[in-house]
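Dear colleague,

Please find below the structure that I am handing over to you. My findings follow directly after it, and I would be grateful if you would read them alongside the coordinates.

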Number of protein chains: 2
Amino acid sequence: MEYRFSKRIENLKPSAIREIFKYASDPSVVSLSAGNPSPDAFASDKIAEICANLFANRPKDALQYSITEGYTPLREHMLGYMKQKHNIGRAFDDILITSGGQQIMELSAKVLCDEGDYVICENPSFIGSLNSFRSIGVKLKGVDVEPDGISVCGLETALKETPNVRFIYTIPNFQNPSGVTMSLEKRKAVYELAQKYNVMIIEDNPYGDLRYKGDDIPNIKSFDEDGRVIYGGSFSKVIAPGLRVGYTVVPQQVMKKMVVAKQGEDVHTNILAQMICFDFITKYDFEENLANLRRLYSKKAELAERLLDEYVVPCGITYNHISGGLFIWCRLPENVDMLKFCSLAVREHKVAVVPGTAFLADENGSSNCFRINFTTPSDEKLEEGIKRLGAFASGYIK
Amino acid sequence: MEYRFSKRIENLKPSAIREIFKYASDPSVVSLSAGNPSPDAFASDKIAEICANLFANRPKDALQYSITEGYTPLREHMLGYMKQKHNIGRAFDDILITSGGQQIMELSAKVLCDEGDYVICENPSFIGSLNSFRSIGVKLKGVDVEPDGISVCGLETALKETPNVRFIYTIPNFQNPSGVTMSLEKRKAVYELAQKYNVMIIEDNPYGDLRYKGDDIPNIKSFDEDGRVIYGGSFSKVIAPGLRVGYTVVPQQVMKKMVVAKQGEDVHTNILAQMICFDFITKYDFEENLANLRRLYSKKAELAERLLDEYVVPCGITYNHISGGLFIWCRLPENVDMLKFCSLAVREHKVAVVPGTAFLADENGSSNCFRINFTTPSDEKLEEGIKRLGAFASGYIK
């Protein structure tokens with residue numbers, strides 16, 4: 001039969017990242033296009049031990065239906081943890097456990113936005129979230145990212161000129177894909193603009209614990225006295241992404257609506273995975289685990305920068321230095337066709353990177369940037385991949 | 001701040017079941033209101049063994065990001081299994097693994113329906129699915145359920161008179177909440193009507209393996225030569241619901257859109273849980289496990305019927321006899337106020353059942369029925385609960 005799809009989905013293109021992944025699955029290709037944690041980052045022995053204990057002591061709790069809000073001990077622990085460590089959470093806030101950080105974005109759009117409403121996002125921004133908003137029928141207005149975060153001037157113009165803006169979507173720490181971290185001044189300015197124009201903020205923070213240089217900057221949610229900010233956290237980058245467990249610190253009134261929406265999506269998040277996360281955080285030294293991750297990744301970041309400086313920068317490609325997170329944002333000289341460059345890189349030179357256009361609010365926009373990930377490949381693969389990129393670029397870029 | 005919610009969510013009431021659950025969590029209340037498998041049904045020793053093996057042999061695969069479509073060995077196995085056992089699946093079909101059966105309903109509505117489009121459902125029907133459709137902004141048109149399934153005459157009238165119908169939602173086996181199973185003739189008639197009016201069918205079959213009496217009836221999907229039927233399956237009732245793993249046999253063209261939508265919801269289903277399901281089905285005797293479940297539940301069903309006949313039927317309450325599934329649908333005499341009856345039952349007589357109005361397509365409709373679950377409580381609790389219901393009803397119903 002001939003199928004008729006909803007307008008919101010009909011307009012949604014499959015992610016360009018997925019197309020690149022098709023090539024990246026060719027074993028002869030070195031993939032710098034993923035966004036995965038290093039497999040060396042998984043404390044799988046601890047998780048195995050936790051699992052064995054859960055099945056020995058509480059098998060029925062780990063397998064039965066649970067409540068939509070999430071595993072109560074995990075929610076209570078995270079409320080205290082976020083308050084103490086980040087001054088996040090007020091009396092009007094609560095915690096909802098979600099099926100990965102991604103679900104926070106989808107639920108936020110579902111409960112806050114009617115079709116045709118606008119979300120303001122950084123430009124470029126994380127394609128997964130942008131597609132999640134699009135799948136709800138939301139329109140996107142992008143605001144440029146500067147070296148210290150979103151353009152405040154651009155944000156105010158967007159707020160002034162865009163109709164029916166429901167929220168600002170931002171990744172303030174080690175933004176995906178640009179790697180940029182928003183300054184404290186800009187965080188305050190974004191919050192004040194949200195107050196002035198009475199919109200909400202979704203603060204997506206999957207990489208906040210992965211800082212390799214400099215000092216932590218307070219999250220926007222830490223100065224939220226209005227109940228205006230939905231904070232998105234995730235265990236994907238600090239425990240394991242396959243478990244699909246995220247958490248949002250969210251005003252209770254909004255959470256109630258998110259719970260109703262989540263009931264209709266997956267009833268609740270896998271309870272075994274929630275119990276694993278709770279035990280992982282409370283029965284082992286979680287801060288030490290975070291420190292281990294930072295050590296592992298900052299070594300890889302140093303290697304990536306050294307290789308880029310040696311093989312890629314001399315060809316005229318620049319990049320944003322790494323202070324945290326998983327990604328490096330690279331810029332081609334203005335005269336180079338970025339899409340052609342990325343396509344030739346993977347097809348003829350067997351190294352996969354992600355074209356910058358994939359991350360734009362306007363899918364037809366142009367970009368001369370591409371994204372590299374340095375956490376997924378082994379050190380050997382990382383070196384091989386960057387060398388291939390440099391060898392190709394040195395011949396291709398005039 | 002004052003929140004403004006989307007219209008689709010603003011109109012969605014929290015499920016009446018949840019309100020009943022508030023009382024049901026009082027330990028002095030006997031809950032016959034859940035929809036959980038018996039905790040005795042979980043083969044937790046096997047699942048513990050599977051987990052230990054997975055962490056010993058493939059920890060990184062079980063913890064890393066995976067693909068949206070689902071764990072490939074599980075998808076391939078289920079394609080063959082459904083074809084061989086149920087003649088389900090044609091060359092144009094594929095399998096998508098979902099986060100529980102619930103996600104199939106939400107994804108189907110998201111990719112097939114624009115806001116204001118109609119879905120035709122059985123009346124009564126599973127509230128979780130109805131709310132899932134409502135959360136997409138879909139309108140519902142209910143068609144009465146008769147003892148052999150949906151009214152075919154009512155269905156044709158609904159198809160003729162309702163604008164923009166995108167699909168028919170049906171639970172043909174041991175329907176939740178009515179317990180009714182659709183006859184083969186009606187399954188064929190429903191498929192033919194879907195052809196005549198060119199709409200799709202979502203066939204939700206979480207209880208199909210739990211038949212205690214009579215012979216299996218072919219699923220609607222088994223005669224789908226058009227690619228018109230989305231078949232919904234789940235491991236919640238046959239392995240464990242806490243794992244949140246479902247699967248849909250779905251035309252590839254529709255699946256592609258569902259994959260894009262699912263990427264935006266949770267990226268992929270918990271991979272550890274998918275690997276557990278695969279090993280559970282392929283490394284142990286899955287058919288023997290199903291036979292064990294049927295033995296366990298048919299005993300409980302017999303007990304429930306015996307108790308109802310002794311304590312509840314003499315008060316003038318009738319019920320649909322149990323041939324499978326988890327639920328018993330009870331009918332009060334016409335002159336009894338059902339909502340008041342259910343409310344007094346839980347508040348004053350400490351036995352929780354679910355009011356029939358919770359399951360109506362029209363939330364303001366009336367019903368003199370209520371739903372009982374017989375699988376979750378222990379035999380002792382089941383006996384105590386039905387006795388309490390009878391003691392209350394014998395005094396209350398004149």
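A residue is called buried here if 20 or more other C-beta atoms lie within 10 Å of its own, and exposed if 12 or fewer do. Please bear in mind throughout that this is a predicted model.

With those terms, I begin with helix α13 of chain B, which covers residues 338-349. Its buried residues are B:Phe341, B:Cys342, B:Ala345 and B:Val346. Viewed down the axis of α13(B), these fall within an arc of 120°, so they line one face of the helix. The face turned away from that buried side carries the exposed residues B:Lys340, B:Arg347 and B:Glu348. Just after α13(B), B:Lys350 adopts a positive phi of about 55°.

I turn next to the sheet of chain B. Eight strands make up an open sheet with mixed pairing, in the order β2-β9-β8-β7-β6-β3-β4-β5. Strands β2 (93-98) and β5 (149-150) of chain B stand at the edges with a single partner strand each, so one side of each has no neighbour in the sheet.

Strand β8 of chain B, residues 229-234, is mostly covered, with six of its six residues buried. Both of its faces are covered: B:Val229, B:Tyr231 and B:Gly233 are buried on one side, and B:Ile230, B:Gly232 and B:Ser234 on the other.

As to the domains, chain A is divided into domain 1 (7-42 + 288-396) and domain 2 (44-283). Their C-alpha centres lie 25 Å apart. The contact between them takes 31 residues from domain 1 of chain A and 35 residues from domain 2 of chain A. On the domain 1 side, α1, α12 (286-312) and β11 (327-331) of chain A each give two or more residues. The largest share of that side, six residues, comes from α12(A). By class, this side of domain 1 has 18 nonpolar, nine polar and four charged residues.

Finally, I come to the two chains. In the contact between them, 62 residues of chain A meet 62 residues of chain B. Several helices of chain A each supply at least two residues to its side, among them α3 (44-57), α6 (101-112) and α11 (271-283). The most comes from α10(A), with nine residues. By class, the side of chain A that touches chain B has 30 nonpolar, 20 polar and twelve charged residues.

With kind regards

Note on methods
Residues are numbered from 1 along each chain as its sequence is written. Chains are lettered from A and ligands numbered from 1 in the order in which they are written. This is a predicted model: local features need pLDDT of at least 70, side-chain atom pairs count only at pLDDT 80 or more; totals for chains, interfaces and linings use all residues. Two residues are in contact if their C-beta atoms, placed from the backbone, lie within 7 Å. Helices (H or I, at least four residues) and strands (E, at least two) are DSSP runs, numbered from the N terminus. Ala, Val, Leu, Ile, Met, Phe, Trp, Tyr, Cys and Pro count as nonpolar, Asp, Glu, Lys and Arg as charged, and the others, Gly among them, as polar. Domain bounds come from an automatic or database domain assignment. The arc is that of the directions from the helix axis to the C-beta atoms. Two strands pair if DSSP finds at least two bridges between them.
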